[in-house]
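Colleague: Could we go through this structure together? I would like to begin with the aromatic rings and then turn to the strands.

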Amino acid sequence: ITGNNIIGSMGGVYLQNTLGNTLEDNIILHNSRSGICLESSNSSNIRSNVVRYNFDGIFLRSHSTSNVIAGNLIGSNHVGIHLISSENNALFHNNFINNSFLIEDPYPSKNLWDDGFPSGGNYWSDYAGVDLCSGPYQNVTGSDGIGDPPYFIEADNIDNYPLMGMFSDFNATSECHVQTICNSTISDIQFSGTAVFFNVTGEDGIVGFCRICIPTALMNGTYKVFVNGAEVPYTLLFFSNSTHSYLFFTYGYSTREIMIPIALILLLLITLTLLAVAIRIRKRRLVEHLISRFLHFLPSRIKIRIGFAKYGV
């Protein structure tokens, strides 16, 4: 069940006595009962759905087990996640935002509320923790986008790694995902083949932060982070490894454009900018010919940026 708009019904998606379903990339709004309801249904994947303005956002009942609920926006429902006699479900990377009641679980069963470290748990809009430390035990000095104290639901249900900002996942290629934890609204995220670009928007007067996870198969080397064209410092988090790099940086509001280029392309950009300056001095036609040959081999987004640098914009 994917790519549907389900709006204004009695219920959105209702599955009973089913096994191995996938519900993905649906928009489910303004339904008078549940946005998504699983009854006696097991081993389903509920991912990347927008579930808002329903009575129950997601409802698991009657021993619905071993389901994965990940990467969903669950907001402005009467109850965000409703559970009755359902256990051994995994819930992580969901954004629970401004639900009247985040969780209703009258007969608590044990479920998993995070994906371990450094992947993390869920974003809870009522979470009041701070992020001063990092690491599996949150005892290493330095922020990592994960709250230091756990998010306590009840004794057997704890999100050990609550997120300090909303989670997002972007398919840069068919095999590589770029994931962010950010206290800003992210838009227009794209991968040009040489750099990751996106915009962040938030309230003035609040410091924004972003933790971005970049697969090394997509980009690898020495990174640079630019905010509105100006380079800003970042922390390469200590748990980065051979497969994923985790970068953490901050910025001011309100709207900023973020660019993270591959180091080799950055060097090429600098070289071409110096060549463009030489145009003003001498050998204009020759240097312009050389630049045009370089540009012929670069992606269009980089071409635009070099063009701006050339004319001093």
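Colleague: Are Tyr-127 and Tyr-151 buried or exposed?

Modeller: Please keep in mind that this is a predicted model. In it, Tyr-127 and Tyr-151 are both buried.

Colleague: Which aromatic cluster do they belong to?

Modeller: Tyr-127 and Tyr-151 form one aromatic cluster with Phe-96, Trp-113 and Trp-124.

Colleague: How many aromatic pairs does the structure hold?

Modeller: There are 10 aromatic pairs in the structure. One of them joins Phe-117 and Phe-239 in an edge-to-face arrangement, with 4.8 Å centre to centre and 75 degrees between the planes.

Colleague: Why is that one called edge-to-face?

Modeller: An angle over 60 degrees between the planes counts as edge-to-face, and the planes of Phe-117 and Phe-239 are 75 degrees apart.

Colleague: Where do Phe-117 and Phe-239 lie?

Modeller: Phe-117 is in the loop between strand S14 (101-104) and strand S15 (123-124), while Phe-239 is in the loop between strand S27 (235-236) and strand S28 (244-251). The pair therefore ties together parts that are 122 residues apart in sequence. Phe-239 has a relative accessible area of 11%, so it is buried.

Colleague: And what kind of pair do Tyr-127 and Tyr-151 form?

Modeller: Theirs is a tilted pair, at 6.2 Å centre to centre and with 55 degrees between the planes. Tyr-127 lies in the loop between S15 and strand S16 (133-134), and Tyr-151 lies in strand S18 (residues 151-154), so this pair ties together parts 24 residues apart in sequence.

Colleague: Now to the strands. What is the order in the open sheet of 5 strands?

Modeller: The order is S22-S23-S29-S25-S26, and the pairing is antiparallel. Strands S22 (185-191) and S26 (230-232) stand at the edges with a single partner strand each, so one side of each has no neighbour in the sheet. On average, neighbouring strands of this sheet are turned by 25 degrees against each other, direction ignored.

Colleague: How many bridges are there between S25 and S26?

Modeller: Strand S25 (residues 225-227) pairs with S26 over 3 bridges, in the antiparallel sense. Phe-226 stands opposite Glu-231 in S26.

Colleague: What does Leu-236 touch?

Modeller: Leaving aside residues up to four places away in sequence, Leu-236 touches Ser-245, Tyr-246 and Leu-247. The C-alpha atoms of Leu-236 and Ile-212 are separated by 10.0 Å, and these two residues are 24 residues apart along the chain.

Methods. Residues numbered from 1 in each chain as written. Predicted model: local features only at pLDDT ≥ 70, side-chain atom pairs only at ≥ 80, totals over all residues. Heavy atoms only, no water. Phe/Tyr/Trp six-rings, centres within 6.5 Å; stacked < 30°, edge-to-face > 60°. Helix = DSSP H or I, 4+ residues; strand = E, 2+ residues; numbered from the N terminus. Buried < 20%, exposed > 50% of the residue type's maximum accessible area, 1.4 Å probe, protein only. Pairing = 2+ DSSP bridges. Axes fitted to C-alpha atoms, helices over the stretch in contact; angles between N-to-C directions. Contact = heavy atoms within 4.5 Å.
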